[in-house]
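Me: I would like to learn how to read a fold from its model. Take me through one, feature by feature.

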Amino acid sequence: MFKRIISAFRKIVPKKYKTLNQAIMDTPENTKKEIKIAKVGRKYQVINDNRQEGAVWYSEETLRKVFPKKRSKLIHTHTNGIKELPSANDITNMISHYIRYNKDFEAISVMDAVNGKESGRIGIMLTKEAKEYVKKNFDYDTLDDLDELLDSFRYHIEQRLDRIFFETNKILSAKGLSDSSPEYKKIRHNTIKKIMYKYYKDSLKLKLKFVPQPGYKFNKETMAFEKIK
Ligand SMILES: [Zn+2]
């Protein structure tokens, strides 16, 4: 009986990997579902407790364990949609991590569904201006207040992104592009990414760095990691 209780409460020790790529490759369905990884010291460990297409969950408790460690940082994968830029949720999480743990950097790894490889990585940094904005605008008394502030900031970004999508559609139809034409989807995607990037850079003051993986290059025009032929 006592033994059974102990085993039920036994800590699950996450597997540690030497490289980020190993941690990703060892996780099933890595081109479909997102993965959340923490770098702790020199090792990488998968910290998500729930994964889905386009989303990943992890607990605040895990972060409380990971973040106090020196040079610890978070990385997650993007598997579909607009893969080369952080989402409204990603940015809000970064702000939360800055406020709670003084972290100002996170990374995204972009997955190539065609061959299951990592095509590139994106480093996202909060600039000095972004940090000043957060300090000024996220004044809270309780953690519930903070969550509310973060929720409304996420909503604010989402509203802005919705407007970008809407305006892009208008631009494309003004150009006479039919939404059933094969280029439409591609041009729409590229246009959205460019406007989003500008918004993140100029309004939210985020600094983004695009680092292609071996065999890939970053195309500034399409804002995508492309395989070198
Ligand atoms: Zn993301």
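Me: What span should helix α4 have, and what is the distance between its end C-alpha atoms?

Reply: The expected span of a helix is 1.5 Å times one less than its number of residues. Helices here are DSSP runs of H or I, at least four residues; strands are runs of E, at least two; both are numbered from the N terminus. Helix α4 covers residues 88–101, which is 14 residues, so it should span 20 Å. Its end C-alpha atoms are 20 Å apart, in agreement.

Me: What sort of model is this, and how are residues numbered?

Reply: The model is predicted: local features need pLDDT of at least 70, side-chain atom pairs count only at pLDDT 80 or more, and totals for chains, interfaces and linings use all residues. Residues are numbered from 1 along each chain as its sequence is written.

Me: Which residues of α4 are buried?

Reply: General idea: an α-helix has 3.6 residues a turn, so residues three or four places apart point the same way. A residue is buried if 20 or more other C-beta atoms lie within 10 Å of its own, exposed if 12 or fewer, partly exposed in between; C-beta atoms are placed from the backbone. In α4 the buried ones are Ile91, Thr92, Met94, Ile95 and Ser96. Their cover includes β7 (105–112), β8 (117–126), α5 (128–137) and α6 (143–174).

Me: What follows α4?

Reply: Asn102 does, with a positive phi near 60°.

Me: In what order do the strands of the open sheet run?

Reply: Strands of a sheet pair through backbone hydrogen bonds, either parallel or antiparallel. Two strands count as paired if DSSP finds at least two bridges between them. Here 7 strands give β1-β3-β2-β6-β7-β8-β9, with mixed pairing. β1 (16–17) and β9 (206–212) each have a single partner strand, so one side of each lacks a neighbour in the sheet.

Me: How many bridges join β2 to β3?

Reply: There are 4, between antiparallel strands at residues 36–40 and 43–46. In one of them, Val40 is partnered by Lys43 of β3.

Me: Is Ile35 buried or exposed?

Reply: Ile35 is buried, because it has 23 C-beta neighbours inside 10 Å. It sits in the loop between α2 (20–25) and β2. Contact means C-beta atoms, placed from the backbone, within 7 Å. Leaving out residues up to four places away in sequence, Ile35 touches residues including Ile24, Val46, Val56 and His76.

Me: What share of the whole chain is buried?

Reply: Buried residues are 22% of the 229.

Methods
Contact = placed C-beta atoms within 7 Å.
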